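This briefing goes through one protein model, topic by topic, for a reader who is new to structures. Please keep the sequence and the 3D view at hand while reading.

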Amino acid sequence: YIEPTGLAASLGQVHRACLRDGREAAIKVQYPGIRQAVMNDLKMLGWLSTPVGDLRRGFDLAGYRQEILRDLEAELDYRVEAENQTRFVSIAPELPGWIVPELIPDFCTQRVLVSHWVVGERIEEAAAWPQSQRDQLAIAMVRGFFNLLFGHGLIHADPHPGNYRFTQTPDGPAIVLYDYGSVMTLEPREVVALLKLIEMTAQKQGDPLGPMLALGFREELLRPIRSKLPALCAAMLDPFCIDAKYDLSRWRHSERIADILGDDRWNFRMSGPPNFIFVMRAFRGLTYYLEKLDSPVSWGIALRPHLAMHRNALTDWRCDLMDDEPAAGFAGMAKLLKIRVTERGSVKVALTFQSDAVDDLDELMDEDLLNRIRSQGIEVAAIVRRVRQSAFVPQELFAIPESDGRRAVRVWLE
């Protein structure tokens, strides 16, 4: 039996069915003529035309076209998707809290894919589950995502809400993962380079230019903004750098990155390897579901097993760079944010934070001090933007002299 009404999929539709042996199945059928229709649409949009303006001299449009077309070709051939899904099924025992529907290969063809029917609820329903269940889902999601990426070099690159569902099992809540048409594979050297970049950023040591070049970023576009890369990586990879539950609502990465890069944002955007659009899409999907579940997770702790597994490769990792900028990398970035309160030359309060605490500078001060700062014509938000734009180099932030019985305050980066 096949239900005549199907559920929409990106390039086809899915019908619920029952096989003769009683198994319930999901039959995904590709829309007739969809391949030619998609290609015609791309041509009409000017996909194959030459770009105009100065971007054609720096933007690897051909590379992006190749990656997107490669991904599209894979999605249009269900035999490729079947191979991807089979691989995920083999890894599923390493992914507690994840469900990967098994294929029924006898019925699979280039345009038809048949899997076991697994029902799940949308993220909106799962977001209303009890906090303990949402916590389990969030931890399973992060651990599973890291296991796929850093353990197997695999990325499920189509994380839209139709492909992630959530269900209850005897072992607890679980994530049901559908649709394996858009799957990206990283080479082992790329996995190590990404881990090295994360480790450098967490430890605030080394030069991120090296692992970024190893990941395929373009040197001629990164070198002019080399001094900004440490602060940029600190903003992009912040959740990995804290061995505590990370509240994504406080990340503000878009704002921070925009302030750090300023007019150099195009250098960074154009420098990335084309396949990284799928990496970014996958990570954006991860953060989307974690935000919906409203359950902070420690990314740093979840990453530890993978750092340990690749420890030898990370220790031996080398990237020869021209040593024409001795202060390049995290060596040129301030390590500490310092706040000192004095009275008649005597220190009354001395506080030290990691330099990135400047992003929350207003929250480190009480209302009285904030009012004193404002009375001096100092805007905390402007100070934060200035620090970001400077790429967090050591600097004086502000100083308020002692007056009217109030203590002197000095705040700086070193």
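Ala8 stands opposite Gln13 in strand S2, where strands are DSSP runs (E, at least two residues) and helices are DSSP runs (H or I, at least four residues), numbered from the N terminus. The model is a predicted one, in which local features need pLDDT of at least 70, side-chain atom pairs count only at pLDDT 80 or more, and totals for chains, interfaces and linings use all residues. Residues are numbered from 1 along each chain as its sequence is written, and side-chain values use heavy atoms, with hydrogens and water left out.

**The protein as a whole**

- The protein has 16 helices and 13 strands, and its C-alpha trace spans about 90 × 55 × 45 Å along the principal axes.
- Of its 414 residues, 48% count as buried, a term that means under 20% relative accessible area, while exposed means over 50% and partly exposed lies in between (1.4 Å probe, protein chains only).
- Among the contacts with a separation of 6 or more, 68% come from residues 24 or more positions apart, a contact being heavy atoms within 4.5 Å.

**The open sheet of four strands**

- Four strands form an open sheet in the order S1-S2-S3-S5, with antiparallel pairing; two strands pair if DSSP finds at least two bridges between them.
- Strand S1 (7–8) and strand S5 (112–116) stand at the edges of this sheet, and because each has a single partner strand, one side of each is left without a neighbour.
- Helix H3 (residues 78–91) packs on the sheet, where it touches S2, S3 and S5, and its direction makes about 25° with that of S5; such axes are lines fitted to C-alpha atoms, for helices over the stretch in contact, and the angles run from 0 to 180 degrees between N-to-C directions.
- S1 and S2 run antiparallel and are joined by two bridges, and the hairpin that links them passes through three residues.
- Strand S2 (residues 12–18) pairs with strand S3 (residues 24–30) over seven bridges, again in the antiparallel sense; Val14 has Lys28 as its bridge partner in S3, and His15 has Ile27.
- The hairpin of S2 and S3 has five residues between the strands, and in this hairpin Gly22 takes a positive phi near 95°.

**Strand S13 and its partners**

- Strand S13 (residues 408–413) is mostly covered, with five of its six residues buried.
- Strand S10 (residues 336–343) runs antiparallel to S13 and is joined to it by six bridges, and Arg340 stands opposite Arg410 in S13.
- Strand S12 (residues 395–400) also pairs with S13 in the antiparallel sense, over five bridges, and here Phe398 stands opposite Val411.

**Pockets and cavities**

- Rolling a probe the size of a water molecule over the atoms shows where empty space is left.
- On a 1 Å grid over the protein atoms alone, a cavity is a set of points where a 1.4 Å probe fits but cannot get out, whereas a pocket is an open set with protein on both sides within 12 Å along at least five of seven lines, and lining residues have an atom within 4 Å of a point.
- The largest pocket has a volume of about 830 Å³, a volume being the space filled by probe spheres set on the grid points, which are joined across faces, edges and corners.
- Of the 30 residues that line the largest pocket, Met236, His253, Ile257, Phe268 and Met280 lie nearest its centre, and helix H12 (276–293) gives the most to the lining, with seven residues.
- By class, this lining has 23 nonpolar, four polar and three charged residues, where Ala, Val, Leu, Ile, Met, Phe, Trp, Tyr, Cys and Pro count as nonpolar, Asp, Glu, Lys and Arg as charged, and the others, Gly among them, as polar.
- The second largest pocket has a volume of about 650 Å³, and S1, S2, S3, H3 and S5 each supply at least two residues of its lining.
- The lining of the second largest pocket has 13 nonpolar, eleven polar and seven charged residues.
- A search of the whole structure finds three cavities of 30 Å³ or more, and about 50 Å³ of space lies in the largest cavity.
- The residues that line the largest cavity include Trp98, Phe145 and Tyr164, and its lining has seven nonpolar, one polar and no charged residues.
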